[in-house]
Amino acid sequence: MAAATHPALAVLQGRLSRMAEQGLARALRPVGPATGPRVQVEGRQCLLMAGNDYLGLSRHPELARAAAEAARKLGTGSGASRLVSGTLDCHARLEQDLARFKGAPAALYLATGYMTNLAAVAGLVGPGDLVVSDELNHASIIDACRLSRARVLVYPHRDHRAAARLLAGHPGQVKLLVSDGVFSMDGDLAPVPELLAAARGAGALLVLDDAHATGVWGERGRGSLEHFGLESAAGEVVVVGTCSKALGGMGGFVTGPREVIDTLVHRARSLMYTTAPPPPQVAVVAEALRLLDREPWRRQRVHQLSRRLRQGLARGGFMVLSGEGPIVPVLVGETEPTLALALALWRRGVYAPAMRPPTVPPGRCRIRFTVTAAHQPGDMDLALEALAGAAREVGL
Ligand SMILES: *Cc1c(COP(=O)(O)O)cnc(C)c1O
């Protein structure tokens with residue numbers, strides 16, 4: 001049957017057209033080939049200021065070597081779920097490294113950060129339990145809350161007092177307080193000390209999603225607990241991290257109390273019903289953890305460059321959300337002007353796409369610039385110049 005006459009396909013087509021009319025059309029746009037942060041996008045050479053490869057590790061020769069060697073020695077697939085025959089020596093060793101990295105009693109490594117959040121929330125709570133969650137938490141946390149079938153209460157962004165009230169005012173056998181450590185679209189940090197106090201006060205477990213903090217925040221890149229001087233709490237906080245951003249590879253991990261990790265091994269469906277990550281993926285993460293210590297300049301540089309970009313944006317009169325760090329969101333507002341600005345930027349050779357609903361709330365569309373250690377100071381100036389020109393062109 002032709003698409004237009006198939007009833008279900010006609011409905012889908014109608015839905016797609018309505019999204020396009022609202023400026024919400026999306027496309028999978030190939031980026032690359034790349035040399036450092038210079039990429040091709042639709043035939044145009046661009047400075048890439050998107051993505052989350054904060055330390056520039058995804059093209060590090062040592063990681064490529066580790067992946068190739070693991071593929072040759074150990075194979076390209078693990079062949080089964082972690083609970084069947086998929087747990088290899090390399091998984092066990094990596095989990096020891098990850099626990100040590102975070103100073104936590106135990107760790108568990110999963111295929112992606114998304115699946116790790118499914119595990120860390122839906123693997124710990126169910127009916128009769130309570131989850132208290134920040135309104136700007138990542139979509140994977142929102143999905144995990146829904147999957148868990150626990151009672152879910154949402155508090156205003158970063159409002160730890162509201163979180164404490166919700167935790168105290170509602171029953172739950174197990175209570176979780178869940179927050180991004182660094183928020184993915186706004187780039188701001190959670191009030192971690194206050195959240196920890198709220199969790200302790202209510203006998204709740206604090207779950208921090210450090211997807212954007214791992215490798216970037218804290219003197220040694222250990223994440224948001226280290227940044228706030230709370231590393232000693234690593235034995236009681238459930239920390240989620242991703243290996244797909246600053247670590248330049250793929251996968252996610254949970255660290256925390258032994259009881260938490262043991263529970264996930266028994267209950268986390270995103271661990272049990274998927275094939276274990278293959279050896280090359282594991283080897284990349286293990287090597288990236290070593291590089292974090294061997295090449296601290298990457299972390300220092302990403303923060304220096306972020307400050308340079310933020311200062312320039314402030315001088316240029318742009319509305320930048322949040323205070324520090326490599327996620328630099330320039331708030332525009334509605335979808336159409338944001339899309340126009342992103343397009344004008346791309347024509348000027350800078351690729352930083354527009355963020356629209358449902359990724360951000362309606363009326364809060366933005367250009368989300370990200371900075372990496374692979375950028376040069378001059379790249380920040382280039383981006384600032386391009387943005388100023390693009391804003392003039394579209395009348396902002
Ligand atoms: C990217 C991201 C994830 C998912 O990690 P992947 O490894 O890409 O699946 C989870 N949480 C937050 C806050 C993120 O930004």
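Predicted model: local features only at pLDDT ≥ 70, side-chain atom pairs only at ≥ 80, totals over all residues.
Me: Why is helix 5 described as enclosed by the rest of the structure?
Reply: Of the 10 residues of helix 5 (residues 113–122), 9 are buried, so the helix is largely enclosed by the rest of the structure. The buried residues are G113, M115, T116, N117, L118, A119, A120, V121 and A122. At the start of helix 5, a side-chain oxygen of T112 comes to within 3.3 Å of the backbone nitrogen of Y114, and this pair counts as a polar contact because the cut-off for N and O atoms is 3.5 Å.

Me: How do you know that the length of helix 14 agrees with expectation?
Reply: The 13 residues of helix 14 (residues 335–347) should span 18 Å at 1.5 Å a residue, and the end C-alpha atoms are 18 Å apart, so the two values agree. The buried residues of helix 14 are T335, T338, L341, A342, A344, L345 and W346, and just after this helix G349 takes a positive phi of about 90°.

Me: Which residues have the most contacts inside the largest nonpolar core, and which helix gives the most to it?
Reply: The largest nonpolar core has 55 residues, and those with the most contacts inside it are M49, L94, L309, L345, F369 and V371. Helix 12 gives the most to this core, with 8 residues. A second, separate core has 26 residues, including A162, L177, A204 and L225. For M49, leaving aside its neighbours within four places in sequence, the residues in contact include L309, F369, V371 and M380.

Me: Why is the pair of E236 and R200 called a salt bridge?
Reply: The closest N and O atoms of E236 and R200 are 2.5 Å apart, and the pair therefore meets the limit of 4 Å for a salt bridge. E236 lies in the loop between helix 9 (224–227) and strand 9 (238–242), while R200 lies in helix 8 (residues 192–202), and the pair links distant parts of the chain that are 36 residues apart. E236 is partly exposed, with a relative accessible area of 33%.

Me: What makes E287 count as buried while R294, its salt-bridge partner, counts as partly exposed?
Reply: E287 has 6% relative accessibility and counts as buried, because the cut-off is under 20%. R294 has a relative accessible area of 47% and is partly exposed, because that label covers values between the 20% and 50% limits. The side chains of R294 and E287 meet at 3.1 Å, N to O.

Me: How do you know that the salt bridge of D381 and R308 ties together separate parts of the sequence?
Reply: The closest N and O atoms of D381 and R308 are 2.9 Å apart. D381 lies in helix 15 (residues 377–394) and R308 in helix 13 (residues 297–315), so the pair ties together parts that are 73 residues apart in sequence. D381 counts as partly exposed at 32% relative accessibility, and R308 is also partly exposed, with a relative accessible area of 37%.

Me: Why is R149 called exposed, and where is this residue placed?
Reply: R149 has 65% relative accessibility and counts as exposed, because the label requires a value over 50%. R149 is placed in the loop between helix 6 (139–148) and strand 6 (151–155), and it has a positive phi of about 65° although it is not a glycine.

Terms used:
Residues numbered from 1 in each chain as written. Heavy atoms only, no water. Core = buried A, V, L, I, M, F, W, Y, C linked by side-chain atoms within 4.5 Å. Buried < 20%, exposed > 50% of the residue type's maximum accessible area, 1.4 Å probe, protein only. Helix = DSSP H or I, 4+ residues; strand = E, 2+ residues; numbered from the N terminus. Contact = heavy atoms within 4.5 Å. Polar contact = N/O pair within 3.5 Å; in protein donor to acceptor, adjacent residues only side chain to side chain. Expected span 1.5 Å × (residues − 1).
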